[in-house]
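Work through the exercises below with the sequence and the model in view. Try each task before reading its solution.

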Amino acid sequence: MDSEEREPLFTAADIKEFTGLSYRQLNEWDRRGALPESRDAEANWRKFSLKTMFVILVCAEVRGRFGIPLESLKWLQTVMLQQ
């Protein structure tokens, strides 16, 4: 797959912009294992696929509207990210 065909990657700044979550909230989600993607090994930056971006958007909305705990969001993310 060449660079033109690769799926776009998003940064924490993109997630912050699209979800309304603060960097502090993103760091807390990451610390508690509620962000589904790991950090880029070389730069140590978080990178998110389009699918992951969508999952985080849904989880942020569910958490905001219903106050669902992060632990429950981990389950929702697992279900949404299954093949």
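**Exercise 1.** Determine how the residues lining the largest pocket divide into nonpolar, polar and charged.

*Solution.* The model is a predicted one. Sorting the lining of the largest pocket by residue type gives four nonpolar, three polar and three charged residues. Next, take the volume of this pocket, which is about 150 Å³. The lining has 10 residues, and those closest to the pocket centre are Thr11, Ala12, Ala13, Trp45 and Arg46. Finally, look for the helices involved: helix 1 (12-19) and helix 2 (23-31) each contribute at least two lining residues.

**Exercise 2.** Decide whether Gln77 is buried or exposed, and list the residues that it touches.

*Solution.* Start with the location: Gln77 lies in helix 4, which covers residues 70-80. The cut-off for buried is under 20% relative accessible area. Gln77 counts as buried because its relative accessibility is 4%. Then leave out residues up to four places away in sequence; Gln77 touches Trp29, Ala34, Leu35, Pro36, Val55 and Cys59.

**Exercise 3.** Give the order of the elements from the N terminus on, and describe the protein as a whole by its buried share and its accessible surface.

*Solution.* Count the elements: there are four helices and two strands. Read from the N terminus, they follow the order β-α-α-β-α-α. For burial, 27% of the 83 residues count as buried. The accessible surface is about 5900 Å², and carbon and sulfur atoms account for 51% of that surface.

How values were computed: Residues are numbered from 1 along each chain as its sequence is written. This is a predicted model: local features need pLDDT of at least 70, side-chain atom pairs count only at pLDDT 80 or more; totals for chains, interfaces and linings use all residues. Side-chain values use heavy atoms; hydrogens and water are left out. Buried means under 20% relative accessible area, exposed over 50%, partly exposed in between (1.4 Å probe, protein chains only). Accessible areas come from the Shrake-Rupley method with a 1.4 Å probe; for residues, only the protein chains shown count as cover. Contact means heavy atoms within 4.5 Å. On a 1 Å grid over the protein atoms alone, a cavity is a set of points where a 1.4 Å probe fits but cannot get out, and a pocket is an open set with protein on both sides within 12 Å along at least five of seven lines; lining residues have an atom within 4 Å of a point. Grid points are joined across faces, edges and corners, and a volume is the space filled by probe spheres set on the points. Ala, Val, Leu, Ile, Met, Phe, Trp, Tyr, Cys and Pro count as nonpolar, Asp, Glu, Lys and Arg as charged, and the others, Gly among them, as polar.
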